[in-house]
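This briefing is intended to be read alongside the sequence and the three-dimensional model. The points are grouped by topic.

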Amino acid sequence: MDEFNDHYDSFIEEVKNHKVYDVEKIEKAYKIAKDAHKDQKRRSGEPYIMHPVAVARILLKLGMDNECIIAALLHDVVEDTEYGLPFIEETFGDDVALLVDGVTKLGHIPLSTREEVQAENIRKMFIAMNKDVRVIIIKLADRLHNMRTLQYMPDYKQREKSLETLEIYAPIAHRLGIRTIKEELEDLAVFYLDPIAYKEIQNSLSMKQEEGVAFLDNIKKQISERILPIMENANITSRLKSVHGIFRKVYIKGKSFEEIYDIYAVRIIVNSMIDCYNALGIVHDMFKPIPGRFKDYISTPKPNGYQSLHTTVLSENGVPFEIQIRTWEMHQTAEFGIAAHWKYKIGKGGKDDFDKGLAWINRMLKTDAESDCPEDLIANIKGDLSVEEVYVFTPKGDVKSLPTGSTVIDFAYAIHSAVGNKMVGAKVNGRIVPLDYKVKTGEIIDILTSNQQGKGPSRDWLSVVKTGEARSKIRAWFKKEKRDENIEEGKTQVERELKRNFIHLSGDKYNEFIQKIALRQHFENVEEFYAAVGYGGIMINRLIPGIKDEYNRNWKEVEPEKIETNLVEKNEPRSTSSNGIIVDGIDNCLIKMSKCCSPLPGEDIVGFITRGHGLSIHKRSCKNVPKDLENCAEPERWVHAHWDQNVKIVSNSTINVYAINRDGIAHDIASMLLKLHIKMTSMNVRVINDGNCLSTITFAVNSREHLENIIKNLKKIQGVYHIERSEI
């Protein structure tokens, strides 16, 4: 008998309850996985086999098929043990081998950054998804169990995995319509990324739990009495909103808890679509609907296939709550998304009647193939698979869904690349709007085009559009139509960026250096590299850290004239340190800290050459610093600067502390600063709206880390819910 419980016995009993599964093959897969992982343990100290069994159990609850369950049991075998893919293929067939290979990470590949490794692994997974969507369903189950056991990982890994989950895996689960996995992934990610906010929301929900249950029971009773005599098979349930759903509205959108209308929700499941609309009429007769809060996702389904009627109404006591109405078939799709296909129709995935719902995978890969930047796929997933979408109409009434924040240019390219390339303007609801206009749900958009020769997109559009698809199509146009112009533009950008970073080479050495950079970026020659920079396929500022490292290690020291003479040219400006700041290339210059952003040691900084007042140091993120220093009005006046690690300086910093206006809050804040031995210059407390107060405090700090530690401790004070740096 085993000395541990891997829960396989209970799992296989569940499998046996479903006649569609091949129990013999599943047991064989388990035995192989158990043997392969016999010497491995998880960070918790438990035998590794517990993980693949847990992943298989999640997939079983989703109703996935034989191949999926077997692949889940074997999904880490190829990556972590001596068993190879040919063995899996020979023993369990092509389908299982494809699924295992799709989930397996790439081996040790020569990539320079963690972002590139992440992008290549996700690219591999997307290519496998395009062949068989079950790959991503296994990966989502794998990520879900890893998130459930994340407490055993180091803090930095918890944050890293949680951020990746929130930005990549939860949006994919949303697009596939697997609500149960999506919501749990989001809640677990928030728990590790912002535990204080998570606890505050959980406490607020707990306080509402008892009264909420009583409230919802009463509402369900009222609805049942009206609906069940007419629709006897109707099912009426209720729920409280997820933690992440509240987190997004309170901490990201800035709403108060009282402004969230769907904390309470009632779901009505009926037999037919006609019953859905009849039920809607009944609940609108019973309760007062809130204007602008009705959504018909039955006539206009979401891209992931979700269908339901949503309406927000007021109870007789004035408490708002949401009602969702759908059929049983719609309910299965809403809960399990793409997985519902296997839950009720066990069979192979990939190429049948739901292919249309997976077209976004193809589009994502096509967009990625047109990009020269490996990290673009990650950016496109974060943008294009946004959980929040807008639904807009063409003049003919066709519906297009776009990520929230999309512009009319994004809409044009969503119709067709030719429409976007010929676009000269746009009308929204019959009114001319600027090209950076952000579309809203329900608007009718008419794109104005021109066939005039020489017309095409503007390079400025690249910084305006939201979707990766639009960005990719704009770059593709410049790549095809403006090659010579791209080469010149790229060459200018590269030379300017090298000069700004004090990378000085000339003649053959310069050409050899650029050739090396081009080869590292997988271009056949320098012209191709310049062209990619010119049309926006490569962002030269992203490459600069690696380029500077290469220059300093292998090129700077080998300049012959400096090695042979061991002399420094007399007129060459040297680095200078003043106020703890080092500015390369400028000597004996007055340096002062800008008051608009009060930079601290450890923060990214940049210098601005003023007229007659020396050099002003700003935070790189300061609102007065242009985002694009190369193409701003006076690029020559902006210079690189950094903190001198050998000099300890003290600087004043001002923060705004937002808190609930309770008795003693100001005393608690001051006491905490005193406890931390912080020297305060000033503290101003004033009452703001809705029973809150704002404390503006100025004090001395010696580094960014010092400030972060102070903020971390202030956030522990009861009632403090937000702290921010104050900038003029």
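In this predicted model, R686 has L694 of strand β20 as its bridge partner. That pair belongs to the antiparallel pairing of strand β19 (residues 680-687) with β20, which extends over seven bridges. Strand β20 (residues 692-701) is largely enclosed by the rest of the structure, because ten of its ten residues are buried.

- Strand β18 (residues 651-660) is joined to β20 by ten bridges, and the two strands run antiparallel.
- Within this pairing, T696 of β20 stands opposite N656, and I697 of β20 is the bridge partner of I655.

**The four-stranded sheet**

- β20 is part of an open sheet of four strands, ordered β19-β20-β18-β21, in which the pairing is antiparallel.
- The edge positions are taken by β19 and β21 (720-725); each has a single partner strand, so one side of each is left without a neighbour in the sheet.
- On average, neighbouring strands of this sheet are turned by 20° against each other, direction ignored.
- Helix α27 (residues 665-675) packs on the sheet and touches β18, β19, β20 and β21. The direction of α27 makes about 160° with that of β19.
- Helix α28 (residues 704-714) also packs on the sheet, where it touches β18, β20 and β21. The direction of α28 makes about 150° with that of β20.

- Strand β6 (residues 320-327) is mostly covered, with eight of its eight residues buried.
- From β6, P320, E322, Q324 and R326 point one way, while F321, I323, I325 and T327 point the other way; all are buried. The charged side chains E322 and R326 are thus among the buried residues of the strand.
- β6 pairs with strand β5 (residues 309-314) in the antiparallel sense over six bridges. In this pairing, F321 of β6 is the bridge partner of V313.
- β5 and β6 form a hairpin with five residues between them. In the turn, G318 has a positive phi of about 85°.
- β6 is also joined to strand β2 (residues 264-270) by six bridges, and these two strands run parallel. Here R326 of β6 is the bridge partner of I269.

**The three-stranded sheet**

- A further open sheet has three strands in the order β10-β9-β11, with antiparallel pairing.
- Its edge strands are β10 (431-433) and β11 (445-449), each of which pairs on one side only.
- The twist from one strand to the next averages 35° in this sheet.
- Strand β9 (residues 423-428) is joined to β10 by three bridges, and the two run antiparallel. V428 has R431 of β10 as its bridge partner.
- Helix α19 (residues 408-415) packs on the sheet and touches β9, β10 and β11. The direction of α19 makes about 80° with that of β11.

- How many cavities of 30 Å³ or more does a search of the whole structure find? The search finds one.
- The space in the largest cavity amounts to about 30 Å³.
- The residues lining the largest cavity are F215, N218, I219, Q222, F287, S315, E316 and N317.
- By class, this lining consists of three nonpolar, four polar and one charged residues.

**The chain as a whole**

- The chain contains 28 helices and 21 strands.
- It has 728 residues, of which 48% count as buried.
- Among contacts in the chain with a separation of 6 or more, 65% are between residues 24 or more positions apart.

Definitions and conventions:
Residues numbered from 1 in each chain as written. Predicted model: local features only at pLDDT ≥ 70, side-chain atom pairs only at ≥ 80, totals over all residues. Heavy atoms only, no water. Pairing = 2+ DSSP bridges. Axes fitted to C-alpha atoms, helices over the stretch in contact; angles between N-to-C directions. Contact = heavy atoms within 4.5 Å. 1 Å grid on protein atoms, 1.4 Å probe; cavity = no way out; pocket = protein on both sides within 12 Å on 5 of 7 lines; lining within 4 Å. Points joined across faces, edges and corners; volume = space filled by probe spheres on them. Buried < 20%, exposed > 50% of the residue type's maximum accessible area, 1.4 Å probe, protein only.
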